[in-house]
Amino acid sequence: MSQSTDLDLVNVTKQFGTHAAVNNVTFSVARGEFFSILGPSGCGKTTLMRMIAGFENPTSGDIRIRDKSMIGVPANRRPVNMVFQSLALFPMMSVGENIAYGLTCRGVGRAEADERATRMLERVGLKGFGERRVTALSGGQRQRVAIARCLVLEPTLVLLDEPLGALDLKLREHMKIELKQLQGQFNTTFAYITHDQSEALVMSDRIAVMNQGRFEQVGSPRELYHNPATPFVASFVGETNRWQGDVASASNGAVTVRLSTGGMLHGRGGVSQGAALSFVRPEAVALAQDAAALSSLPNRFEGRVSAVLFDGAASSLLIETPGFDQPVRAVLPQAGPLAGIEVGEAVHLGWTADAMKVFAA
Amino acid sequence: MSQSTDLDLVNVTKQFGTHAAVNNVTFSVARGEFFSILGPSGCGKTTLMRMIAGFENPTSGDIRIRDKSMIGVPANRRPVNMVFQSLALFPMMSVGENIAYGLTCRGVGRAEADERATRMLERVGLKGFGERRVTALSGGQRQRVAIARCLVLEPTLVLLDEPLGALDLKLREHMKIELKQLQGQFNTTFAYITHDQSEALVMSDRIAVMNQGRFEQVGSPRELYHNPATPFVASFVGETNRWQGDVASASNGAVTVRLSTGGMLHGRGGVSQGAALSFVRPEAVALAQDAAALSSLPNRFEGRVSAVLFDGAASSLLIETPGFDQPVRAVLPQAGPLAGIEVGEAVHLGWTADAMKVFAA
Amino acid sequence: MKPAHRLTLFLLMAPAILWLGLLIILPHVEILILSFSQRVAPRVYEFGFGNYLEFFTEPLYWRTFARTAIMSIMVTVITLVLAFPIAMYIARVAQGRVKAMLLLLCLLPFWVSELVRTLGWMMLLRETGIISYLLRMTGLASQPVELLYNDGAVILGLVYGGLLFMIVPLANALESLEPSVVEAGFDLGGSRWTVLRRIVIPHAMPGIVAGSIIVFMLTVGNFATPVLLGGKNGLWFTEQIYAQFITRFNWPQGAAFGILLLLLSSAIVWAGLRLTRQSLGTTLRQA
Amino acid sequence: AEKLRLLTWADYAPADIVAQFTKETGIEVEVTLSNNEEMISKLRATQGAGFDLVQPSQDRIAGPQQEFGIYKPIDLSKLKSDLFIASMLEATKKNTTLDGKVYGVPHIWGTDGLIVNTKAAPKVADYNDLCDAAIAGKSSFRAKRPALIAFAFANGMDPFASYKDAKAYAAMMDKVGAKLAECKKNVKFFWDGKDQLLNALRSGEVVAAMAWDTGGWKLSSENADIKFVAPKSGALGWVDTFAIPSKGRNDDAAYKWINFNMRPEIAAKIAASAGNFTASNGADKLMQGKLKDQFAESFPKAAIDNIKWYPAVPAGIEEIEGKVLDRLKAGS
Amino acid sequence: MNRPSIVWKLYIAAFYIFLFAPLLVVAIFAFNASPFPSPPWKGFTLEWFVGTGSVFGKPGVLKDPIWLTSIGNSFKIALPVAFLAVLIGTVNAWVLERAEFRGKTVLAMMMLWPLVIPGVVLGISILAFFSRVANGLEDALNADIDMLRPGLPLVILGQLSFILTIATLIIAARLRKFDRSLEEAALDLGASRARVLRTVTLPFLKPALFGAGLVALLMSFENFNTTLMLVGSDPPLPITMYGQMREGATPAINAVSLMLMLGVGGIASIFALTSKAEQ
Ligand SMILES: Nc1ncnc2c1ncn2[C@@H]1O[C@H](COP(=O)(O)OP(=O)(O)OP(=O)(O)O)[C@@H](O)[C@H]1O
Ligand SMILES: Nc1ncnc2c1ncn2[C@@H]1O[C@H](COP(=O)(O)OP(=O)(O)OP(=O)(O)O)[C@@H](O)[C@H]1O
Ligand SMILES: [Mg+2]
Ligand SMILES: [Mg+2]
């Protein structure tokens, strides 16, 4: 493996009985990278992370950290530290003792450990909190203590298992940005798991999308969003319209799909025949009051607004459109003649062939 | 009161000791309306709703349902039903028994109650679930049972206390739309409380924004979003930029604000002197590669991108701008030359005076 | 790794196995065997059902047995009825400090020896006791009144002794009932009675069963209270066991009675669990 | 230090006597109080271990010994036999002999009779009078074998004569049982401990009871109305003994204790403490006059002659009695 | 529902009076200058605590070797019982909550079983069994093993037989609440298994260990039914009290009872205070 990777998993599989929770997964994380694993609940994310931390043994495959195989190395000897979903702060210790715990385990003297813990608290913005009980902290503060407890050990790699899951919405928004900043500041490699696509997109350098024990796609947030490799990635990452149909014709990556409800759609994809799934992002749907404005688009329809979902900047429209079995979702225009569109009004809509990804169903 | 209101609160106050949890609140809900009360945690929403349901007595003021005062009427005699935040399904009963409970309390015969429960289950899309234990339902299904349990009684008014709070993100998105549809289908008056602005905006006909026991503003979602009456509403409803400064000059609703960090901003508001708060929505911030494109705007600045928060359609930029103490937040353009902008690049930004609301601080 | 693991597991289980084996299972096997040995001559015993036959043919014994069973059930029911409002108050009305106080006050008397409590009742109830004295002082009675040495006194003493063991599981069960579920019961039009019957009681059922089982067990196995408070007419089945062992030196007969008492209590507990569709494990954990 | 574990009745080993013994011999005495049944059952449970010296009644030695082997034969050579009243020693030896070995020697003796509050219940003169409606709810006796024997005599039967014939004895006991059952409604409680009864007599809760003579005399000295009465059908005479458990560990100390106790001056003190008479030869001369006077008042010459002494209880008899007693207690 | 009616409140008040009446009576009459614990009130005295017996013929509790030794015996029983209950209870709790093996549910049920065995039956069965073992050993080895005969060791075992269940339940309940990721976190931070046990698991269990110890102590102190069948020549407090009560109580029993109440009250307050501090 290249010398600049911190973590390499090679064909790692973990069987629970006959069920493969993690199925032949291979990937590398570069030094200093913020790497996320994104997938729905139960897809095997935690199992994967626990194997890296050393709490489970892979059924087969190899786990290497800085090119040293970790197979057989117990958890307390690995140069990785984990931030648990439940945070797992020690309630019987003060904040300072929590942070100093790992240092004293390593044999660092009491005084030095305390001093380093104090300095770490300062760096995560919790100066003077050392004496507090961990139960007397807010959610965001606990979060930072959990991360500080890992970082003080200067690990090669920090594993984070949905650390924001327990926080409320506003705090989560805030911690997303803070976490990313912390990672930059300490320049440590982070492997982060989450089922929240927004978290993964905002924070990560690269994301692996995981489903049923396998990796579907690994790439940058933009790659995943704009060029999903599989239907699963297309529908899991970001809001999207999704229609099922059959390939009517295909050539050179241009595909025409016929929906069972009659619509004919033009998009792009590697499928050449049989059943197909088509995906279009709501923001890619262009709206107009008259058909002429959309004449350049290969996909053009007329529909009627069935719901206006006003949500400020994130408002959208549901448009009942002949030929489609469900309403088409589009972004509500914030300006222009369509800004004030109401339920029941007719509207023209369309999108380019590039905006529509077609996959074999 | 007008004959077409279902619920009227007149100067309702609730004191707990010296603390007024609800402070002199007056409002009416029209027949068939979807009315939301939106406010941060602890602002008194639940207390207000519990007074309407009959679990608390107001310290002063009157509560009228269809013009009949409810003061002194016990909860089990009021023509309102409540969907609790925790749902409060009866775990000792089956789904069918849960729904038939209210009917049997009214003396409806066993057989008829069962039949009506079965029909109601069908209408909320849970046909054949009557025999199930409520513990064997998914979150969304439990949700629907809780609502069906109220609706089967054909109440004048249904109260809903953050009923989606316990659901996960994707399900919440889905239930928002479903709840609104159910309300339309049954044509029942809903009074809905939530601390999630997106829920309130998407579902409601009218929203009351509540803060510290008082109503700050009552209006349609668009009114609240585009014309907030108070700084609290401006910052609580929707994402926004917020700056503190002093009024430099004011005339005829046009206000100029000087930020302590130097910036001069032009906006509109009713304040004429002293400290002022200015609010601009991220989507109202126009971006351009050169200053000329923004020359028509009264507020024009140049900054440097400090973070790209890629999140699909909801992506935004943080722009470090001289004269401002925090980065300005703007929507990441999805198309055009700025779509691929990166951290560190310079950018020009600006907004109209109408887009900036100024309030006395 | 694997054999070491098994050795550790075995070592960890050893205390439990020793405890259950030496103090519970083998002793019960022993009295079972003992109960089937009947005396034919001094120091000569042989296998037989004589001891059980004796029980069934001697009305005295099975009457005492039945009496003990029936009175224990009565005591359990009375305790349940008396304890329910208290548990309800502690669990659902009292708040914070008051609640903790009430519960602690409930606990205190029961950690003091059963004999002390019984002594208190004897002092209150006897002819020369406090109540009798007060009745005469206030002129409500002209003669000393004897309240001790009757079944009423026994039931009183046993109910008193069982209350705590009813209140705690009941309060635990009631406490776990979400307030909003009760409110929903009212909100949908239920009266107090409906809510109690259809929501509160079904929810508290594990607690009711747990409390009842414990109270029943304590009552049926009680010795001091019936002996000290009971009159010349009342005999408790444990007294029969005691008598066979201590005053009659007839261990085999006593062992047979012991087995019968064990069967009785197990049968009633089992029936109680079946009737209410609860399981022993969860039930006892509740307590 | 050396230790003697003594299982005995209340008042048989007063603290000052124990102290004196310890002073003389250096042997410490650990006293456990009990009654006949519990003494035997304790020894039965331990197969005769746990104590070095016990004091059951003379009639309760041979039977249990035959069944459980809980005693050790007494080495009479280690005892100073001239300390005992010879006739009593002989009688006791006879009753406690099994297979030619002697298992007990006498210590304290006394009688069972009636304690009567003569003011409140002037008419009580025999056991049957306890069942008189005039004292309904205010009489008492022990639900133990002495009551059975006493009521048998009071109703013209001779239980001791039937000891050998279990069937006849069972029939007799059934009759006695019926009589007692009838009497039961008159009874306040079946007394258990001596002080319990005495307190009830003192307070007036009970006005007549079948009980030990000593209790009656003790109360007499507190309240002259209360008297111990030898019943018409005869008081029951009992003798408490010394016996050595089969696994006693300190026989020497036991013999020392017996010899010490039988010394007239010691025996007199114990007799005074227990309020009973002693089998010690010559102790009566040292005893205070009061007990003698009380005895004289309760036992005119005829009454002394009428005392029924318990013979040894053959095995099996107690089972018959036990059932009758159980029925008595349980039935209503 | 949340506003209690006056009848309900009165009932609660009456209940607590009912609950404490017997104890108060016992406590008050410990100071009555009369040889009997019954009214009328004859004046205040401490004779029943510290008297030498010159006044009422019987010495006060603190001067009476019978009471003193039985209090001593109670401690001789309760302390080992509490110690063993905590020790073995912890191991049992561990087996119940952590170990995975076939037959675990059976073992768990077995551990609950002692709770549904009447105390007297427990007593006789242990008495009979150990007596058989002792007899067998005696025949085989020709030596009598005192430990297996009624006496302190057997009482300790008898009480342990059911107190262990309670201790196990208390400790297991706490262990169940333990978030295992705490242990994993400690391991992850580099601690050895022994260190994890010492610094994380045991500190977490501490309140339960303490609580189980106190409960075991109290239960042992007040146990009567099982002890009655197993006691030898050294009776603990309840047995002595029972004997004295059958004999007809003197206020000395009241005095002992009052001391017991104060002791229990003290222990209970320690318990309440520590559990509050824990929160
Ligand atoms: N110890 C185990 N024994 C058996 N199956 C297990 C075990 N641990 C996990 N699994 C199974 O493996 C699968 C993956 O579990 P895992 O916890 O890794 O999911 P996850 O992606 O972390 O989910 P979530 O987002 O809900 O935390 C699940 O189906 C789970 O039931
Ligand atoms: N029974 C009560 N006694 C005293 N104070 C109370 C009581 N109930 C509520 N409060 C107080 O009244 C205020 C309003 O509480 P309420 O539950 O109505 O808030 P809320 O808006 O529903 O909050 P959330 O969104 O967190 O549910 C809070 O400060 C709360 O502490
Ligand atoms: Mg997980
Ligand atoms: Mg609320």
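What follows is a short chat about a predicted model.

Student: Which residues of chain A does the "domain: ABC transporter" annotation cover?
Tutor: Residues 7–237 of chain A, according to an unreviewed UniProt entry; such annotations may be inferred rather than shown by experiment. The model is predicted, and local features need pLDDT of at least 70. Residues are numbered from 1 along each chain.

Student: How much of that span is helix and strand?
Tutor: The span is 36% helix and 27% strand, and its end C-alpha atoms lie 25 Å apart. Helices (H or I, at least four residues) and strands (E, at least two) are DSSP runs.

Student: Is A:S36 buried or exposed?
Tutor: A:S36 is buried, with a relative accessible area of 0%. Buried means under 20%, using a 1.4 Å probe and protein chains only. A:S36 lies in strand β3, residues 34–38.

Student: What does A:S36 touch?
Tutor: Its contacts (heavy atoms within 4.5 Å) include A:Y192, A:R206 and A:I207, not counting residues up to four places away in sequence.

Student: New topic. How many cavities of 30 Å³ or more are there?
Tutor: Three, in a search of the whole structure. A cavity is a set of points on a 1 Å grid where a 1.4 Å probe fits but cannot get out.

Terms used:
Chains lettered and ligands numbered in written order. Predicted model: local features only at pLDDT ≥ 70, side-chain atom pairs only at ≥ 80, totals over all residues. Heavy atoms only, no water. Buried < 20%, exposed > 50% of the residue type's maximum accessible area, 1.4 Å probe, protein only. 1 Å grid on protein atoms, 1.4 Å probe; cavity = no way out; pocket = protein on both sides within 12 Å on 5 of 7 lines; lining within 4 Å. Points joined across faces, edges and corners; volume = space filled by probe spheres on them.
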